[in-house]
Amino acid sequence: MASSSGNSNSSSSSQLQNSGSEEDLHQQNMMDQRKRKRKESNRESARRSRMRKQQHLDELVAQVAQLSKENNQILNSINFTTHHYLNIQAENSVLRAQMMELSQRLDYLNQILSYLNTMSASELVYETDQCFETSTCDHGFTKPFHLPYLNQPIMASPDMFQYY
């Protein structure tokens, strides 16, 4: 019996070893499976991260294109407005010069009217006769073509104020 119990001890210990090694294999397989799942999960997470990063980069590129387009539109608008401003400024200068010339003409005409209104009719006839006789008339009313303010064209023109 001793020998049979010895045999049963050795067979049960071999069974324990076999079952121990089976458990070790099972645990090893479980750990390998967990590692594979973790690796796969990490790969998927990295793939999603790369996709998010690429999507963010695409959005930034689109935003740069949109902002560049808006910037060009603003620059074109500024250039157009500046050109328009310079044209208006040149036209304004012409109109001011014309206004000054017309104002001077009006002043001269008002001086003539004032002079004519202060003179009596006899003085006017006498002065006119005297100017024709002596031809040394200094006021210029009897020689209208020699007056500096009559029959003169307005000299201001847009070409005078062109900006380059």
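Being three residues apart in helix α1, Arg 47 and Glu 44 are separated by about one helical turn. Helices are DSSP runs (H or I, at least four residues) that are numbered from the N terminus. The model is predicted, so that local features need pLDDT of at least 70 and side-chain atom pairs count only at pLDDT 80 or more, whereas totals for chains, interfaces and linings use all residues. Residues are numbered from 1 along each chain as its sequence is written, and side-chain values use heavy atoms, with hydrogens and water left out.

Arg 47 and Glu 44 are joined by a salt bridge, in which the closest N and O atoms are 2.3 Å apart. A salt bridge is defined here as a side-chain nitrogen of Lys or Arg within 4 Å of a carboxyl oxygen of Asp or Glu. In general, side chains of opposite charge can pair when their charged atoms come close. Three salt bridges are found in a search of the whole structure.

Glu 44 also takes part in a salt bridge with Arg 48, where the closest N and O atoms lie 3.9 Å apart. Arg 48 and Glu 44 are both located in helix α1, at a spacing of four residues, about one turn of the helix. Glu 44 counts as partly exposed, because its relative accessibility is 28%. Arg 47 is likewise partly exposed, at a relative accessible area of 35%, and Arg 48 is partly exposed at 41%.

A further salt bridge is formed between Glu 40 and Arg 43, with 3.9 Å between the closest N and O atoms. Both residues lie in helix α1, three residues apart, which corresponds to about one turn of the helix. Glu 40 is partly exposed, with a relative accessible area of 45%, whereas Arg 43, at 54%, is exposed.

A nonpolar surface patch of about 270 Å² is made by Ile 74, Leu 75 and Ile 78. Patches consist of residues with over 30% relative accessible area and no salt bridge, like charges being joined within 9 Å and nonpolar side chains (Val, Leu, Ile, Met, Phe, Trp, Tyr) within 5 Å. Accessible areas come from the Shrake-Rupley method with a 1.4 Å probe, and for residues only the protein chains shown count as cover. Ile 74 is placed in helix α1 (residues 2–118). The relative accessible area of Ile 74 is 49%, and this residue is therefore partly exposed.

Definitions and conventions: Helices (H or I, at least four residues) and strands (E, at least two) are DSSP runs, numbered from the N terminus. Buried means under 20% relative accessible area, exposed over 50%, partly exposed in between (1.4 Å probe, protein chains only).
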